[in-house]
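Welcome to this short briefing. Please take a look at the sequence and the structure below, and then we can walk through a few spots together.

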Amino acid sequence: MKWSPQDAMQAYLHTLQLCQTHSNDEDCTFGTRNIIQPQCMEFISALAAGNQAKLMVQVTSHQGINPLTIALAVAAKHTKARFVCILHQLQDLENCRAQLSCYDLEDAVELLHGNPCEVIMEFKNIDFAVIDCKFEGFSRLFEIIDVNLRGTIVVVSNILERGIGASFGEVIKGRTGLECVTRSIGEGMELTRIGLMNCCKPQKKRFKRFHVITFED
């Protein structure tokens, strides 16, 4: 994926503006909490937009849409990407749409109901994914998600819920021909970047030696 600094900057600033505008807005709450929380939101939004991800998928828990939903929706709005949010079956779709409309993002997100392990099989070559470990079947998702081999980013949230289970990066390392790097990016979150082996290594460039000669009158 080619990096677009302009898309990254626009998504970052847009997300930051939403955080500042709605941080104390009682009309834009979900349950008993504000959906806008600035931790890592701007970074995730800029990363998705800057990498020009064409297909983004989020798997939520029973808590429904969350700050990462907003972050990816902003990225999708700026890059015209497809963003699919798979909701727990107990979540009210209309309630979630109303929540997104507070931020003028309802048209940037496709909300789907169903078992994430079944629904996610419909999507191939995912460029950017967010998986919540509060979803009890997250380990199965790690194994079956179809990522874009030319470059994919997967963010795993609520990793404390994972317990002693394998991380997404550890699962991916078992796939032949792939390499990945996993980093912590905030409290309870990990980011894994995936690609084909040697595809992202910079090529060696040859430089010719030259001398500069100056003449003084």
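Does Met 9 count as buried, partly exposed or exposed? Met 9 counts as partly exposed because its relative accessibility is 48%, where buried means under 20% relative accessible area, exposed means over 50% and partly exposed lies in between (1.4 Å probe, protein chains only). Please keep in mind that this is a predicted model, in which local features need pLDDT of at least 70 and side-chain atom pairs count only at pLDDT 80 or more, while totals for chains, interfaces and linings use all residues. Residues are numbered from 1 along each chain as its sequence is written, and side-chain values use heavy atoms, with hydrogens and water left out.

**Around Met 9**

- Met 9 sits in helix α1, residues 5–22; helices (H or I, at least four residues) and strands (E, at least two) are DSSP runs, numbered from the N terminus.
- Together with Tyr 12 and Leu 13, Met 9 forms a nonpolar surface patch of about 300 Å² accessible area, by the Shrake-Rupley method with a 1.4 Å probe and, for residues, only the protein chains shown as cover.
- Such a patch takes residues with over 30% relative accessible area and no salt bridge, joining nonpolar side chains (Val, Leu, Ile, Met, Phe, Trp, Tyr) within 5 Å and like charges within 9 Å; a salt bridge is a side-chain nitrogen of Lys or Arg within 4 Å of a carboxyl oxygen of Asp or Glu.

**Helix α3**

- The 13 residues of α3 (67–79) span 19 Å from first C-alpha to last, close to the expected 18 Å, which is 1.5 Å times one less than the number of residues.
- Most of α3 is covered, with 11 of its 13 residues buried, including Leu 68, Ile 70, Leu 72 and Val 74.
- At the start of α3, a side-chain oxygen of Asn 66 comes within 3.0 Å of the backbone nitrogen of Leu 68.
- Just after α3, Lys 80 has a positive phi of about 60 degrees.

**Asn 51**

- Asn 51 belongs to the loop between α2 (41–50) and β3 (55–59), and Asn 51 is buried at 3% relative accessible area.
- A polar atom of the Asn 51 side chain lies 2.9 Å from the backbone oxygen of Leu 47.
- The side chains of Asn 51 and Arg 193 make a polar contact at 3.2 Å (N or O atoms within 3.5 Å; within protein, one must be able to donate a hydrogen and the other to accept it, and residues adjacent in sequence count only if both atoms are side-chain atoms).

**Cys 117**

- Cys 117, in helix α5 (residues 116–119), counts as buried because its relative accessibility is 16%.
- Leaving aside neighbours within four places in sequence, Cys 117 is in contact with Phe 135, Gly 137, Arg 140, Leu 141 and Ile 144 (heavy atoms within 4.5 Å).
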